[in-house]
Amino acid sequence: QVQLVESGGGLVQRGGSLRLSCAASGRAFSTYAVAWFRQGPGKERDIVAAIPWHDGQPYYTDSVQGRFNISRDNDKNTVYLQMNRLNEDDTGVYYCAARVGPYGLWDSSYDYWGQGTQVTVSS
């Protein structure tokens, strides 16, 4: 019912910025909670940030708090992740995920996933 396509990844030097986009197809996307997950080399896939479909606080994992900002434009069916002051620990494949209802912190709680976009931070 929902297809997600990530874009905006690439190679950036430490301290730089990137903005990731998650474009969704399908109706009623504005009613879905959306999260960004990432999977670093040899690591599990962990949540980075999440945004509810309705009023509520977005979530950020501690390591990105104050550096990343998640936002959504429901008219464009797009969710963004602005990433600032990137460091090498931010390297990984970033995935956009969506689910009906409130956001969750575990990847198993999400129903729809994009293919991922690679972010590499170099020193």
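**View 1. R45 lies over the face of W113, at 3.8 Å from the ring centre.** The charged end of R45 also sits over the ring of Y95, 5.0 Å from the centre of that ring. A charge counts as sitting over a ring if NZ of Lys or CZ of Arg is within 6 Å of the ring centre and within 35 degrees of the ring normal. R45 is partly exposed, at a relative accessible area of 27%. W113 is partly exposed too, at 25%. Y95 is buried, at 14%. Buried means under 20% relative accessible area, exposed means over 50%, and partly exposed lies in between (1.4 Å probe, protein chains only).

The model is predicted: local features need pLDDT of at least 70, side-chain atom pairs count only at pLDDT 80 or more, and totals for chains, interfaces and linings use all residues. Residues are numbered from 1 along each chain as its sequence is written, and side-chain values use heavy atoms, with hydrogens and water left out.

**View 2. D107 forms a salt bridge with R45.** The closest N and O atoms are 3.7 Å apart. The pair links distant parts of the chain: D107 is in the loop between β9 and β10 (112-113), and R45 is in strand β5 (residues 45-51). They are 62 residues apart. Strands are DSSP runs (E, at least two residues), numbered from the N terminus. D107 is partly exposed, with a relative accessible area of 27%. A salt bridge here is a side-chain nitrogen of Lys or Arg within 4 Å of a carboxyl oxygen of Asp or Glu. The count by this rule is three.

**View 3. Salt bridges that share partners join R38, R67 and D90 into one network.** R38 forms a salt bridge with D90, and the closest N and O atoms are 2.9 Å apart. This pair links distant parts of the chain, 52 residues apart. R38 is in strand β4 (residues 32-39), while D90 is in the loop between β8 (78-83) and β9 (92-100). D90 also forms a salt bridge with R67, with closest N and O atoms 2.8 Å apart. R67 lies in the loop between β6 (59-60) and β7, so its pairing with D90 ties together parts that are 23 residues apart in sequence. D90 counts as buried, at 0% relative accessibility. R38 is buried as well. R67 counts as buried at 8%.

**View 4. Six aromatic pairs are found in a search of the whole structure.** Rings of Phe, Tyr and Trp (its six-membered ring) pair if their centres lie within 6.5 Å; planes under 30 degrees apart count as stacked, over 60 as edge-to-face and the rest as tilted. One of the pairs is Y32 with Y112: the ring centres are 5.9 Å apart and the planes are at 65°, so the pair is edge-to-face. Y32 lies in strand β4 and Y112 in strand β10, so the pair ties together parts that are 80 residues apart in sequence. Y32 counts as buried, at 5% relative accessibility. Y112 is buried at 18%.

**View 5. F37, Y95, Y110 and W113 form one aromatic cluster.** The rings of Y95 and W113 have centres 6.3 Å apart and planes at 75°, so this pair is edge-to-face. Y95 is in strand β9 and W113 in strand β10, 18 residues apart.

**View 6. Four strands form an open sheet in the order β1-β3-β8-β7.** The pairing is antiparallel. Two strands pair if DSSP finds at least two bridges between them. The edge strands, β1 (3-7) and β7 (68-73), each pair on one side only. Neighbouring strands of the sheet are turned by 15° against each other on average, direction ignored. Axes are lines fitted to C-alpha atoms, and angles run from 0 to 180 degrees between N-to-C directions. β1 pairs with β3 (residues 18-25) in the antiparallel sense over five bridges. The bridge partner of E6 in β3 is C22.

**View 7. N77 has a positive phi, near 50°, in a residue other than glycine.** N77 lies in the loop between β7 and β8. At 22% relative accessibility, N77 counts as partly exposed. Phi of R85 is also positive, near 50°, again in a residue other than glycine. R85 is found in the loop between β8 and β9.
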